[in-house]
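Here's a quick tour of one protein model, from the overall fold down to a few individual residues. Have a look at it first.

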Amino acid sequence: MTTAEIASSSSTSNSTGQRGVGRVLAKLSHSLAGGEFYEAHMMYRTLYFRYTAQKRYQDCLDLLFDGAQKLIAKEQEGSAADLCLLLVDTLEKMGPQPEDTDNFLWVPRLGALIRGLSSGTVERETLIQRAIKWSTSLHGQYGHPVLHKLIAHVFWTEGNIEAARHHYLLCQDGSLCGRVLIEISQSRGFQSEVDLFLVQAVLQQLSLKDRKSAEETFTEYTRYHPKILKHEFPYQEPLVNFLYFLFRLIDTKSVTGFRALQKLYDPSLKRDTSFLKYSTKIGVVYFDEQPETQAGPPGLGGMFGDIFSRLMQGFDEEEAEDQSTPARSQNVNNELD
């Protein structure tokens, strides 16, 4: 077969394929208008397979996004969630784009789709996990902070404070995180626990190597929490002073000072077993400490597939590579129980 014949055959094949897709799109529109949502859902899936087979990823993304929105509007959340998962699958197949502009657009779009699905939609949790995993290709080990912020807002609106808190800690907006912690502390905590909400969050952020957000959280919380007895150093709460000194020591990288600080505040740190765990992690991250191998504190583990616990596993793997302490992650919300 000559080159011209091959080109002609290819053109004919493409034209036939386009007509086939056009017919499916017409039927799809008719099914949606007629309330035949199952048939519409199946047609979306058919087009997904055709588009991805042809590597027409952008067309596929636009189709699935539009379809998911329409099905959400028609209260067909199960079908909509399936299209959302296919959308994430398409993003994964397409891979990161050279300038990343198109990929970044899908962060708020995914957030909007997640917001449109009710908490009772079974597939929503899977969608959240898949979306975060995909977003690591755009922004580091733990997913895109904008996506975490959007997800946190969804959970907060629904009253799922624990899940919201996890994602706020990962949104890299310390001021916002501080305000959220103040609200949680005032609505769920006692006066004697006012420092615990702050300390646990800041230690977690430092363990995640997010020094900037940790200090912003500290500043926002200590400045505006009405139950903090004194709003500047020295504070009335010992653990808040511990954090203040810890930030200064991180700047100096004084391992001797860090060890002395741990010893001085050991009685206060023992108020929550997770504090010692995160303090050990901070020693590794900021002071190059090599802790002795030891079992994790009792009560480690997560509730309902604890998001923060899963994210912290990456640090445990790093330590294993360095022949350091393997650490298991503790439920970070004991104070909210």
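## Ground rules

This is a predicted model, so to speak of local features a pLDDT of at least 70 is needed and side-chain atom pairs count only at pLDDT 80 or more, while totals for chains, interfaces and linings use all residues. Residues are numbered from 1 along each chain as its sequence is written, and side-chain values use heavy atoms, with hydrogens and water left out.

## The fold

The protein chain has 16 helices and zero strands (DSSP runs numbered from the N terminus: H or I of at least four residues for helices, E of at least two for strands). Of its 337 residues, 50% count as buried; buried means under 20% relative accessible area, exposed over 50%, and partly exposed in between, with a 1.4 Å probe and protein chains only.

Take contacts (heavy atoms within 4.5 Å) between residues at least 6 apart in sequence: 66% of them join residues at least 24 apart.

## The core

The largest nonpolar core holds 89 residues, and Leu-87, Leu-203, Leu-206 and Leu-246 touch the most other members. Helix H4 (residues 77–94) is the top contributor to this core, giving 10 residues. A core here is a set of buried Ala, Val, Leu, Ile, Met, Phe, Trp, Tyr and Cys residues joined through side-chain atoms within 4.5 Å.

Who does Leu-203 meet, leaving aside neighbours within four places in sequence? Its contacts are Phe-242, Leu-243, Leu-246, Phe-275, Tyr-278 and Ile-282.

## H9 against H10

The axes of H9 (residues 174–188) and H10 (residues 194–207) come within 9 Å and cross at roughly 145 degrees. Axes are lines fitted to C-alpha atoms, for helices over the stretch in contact, with angles from 0 to 180 degrees between N-to-C directions.

On the H9 side, the contact uses Cys-177, Leu-181, Ile-184, Ser-185 and Arg-188; H10 brings Val-194, Phe-197, Ala-201 and Gln-205.

With a disulfide taken as a pair of cysteine sulfur atoms within 2.5 Å, the count is zero. Cys-171 is buried at 4% relative accessibility, and Cys-177 is buried at 2%.

## A serine in H11

Ser-213 sits in helix H11 (residues 211–224) and is buried, at 3% relative accessibility. Not counting residues up to four places away in sequence, Ser-213 touches Gln-172, Asp-173, Gly-174 and Gln-205.
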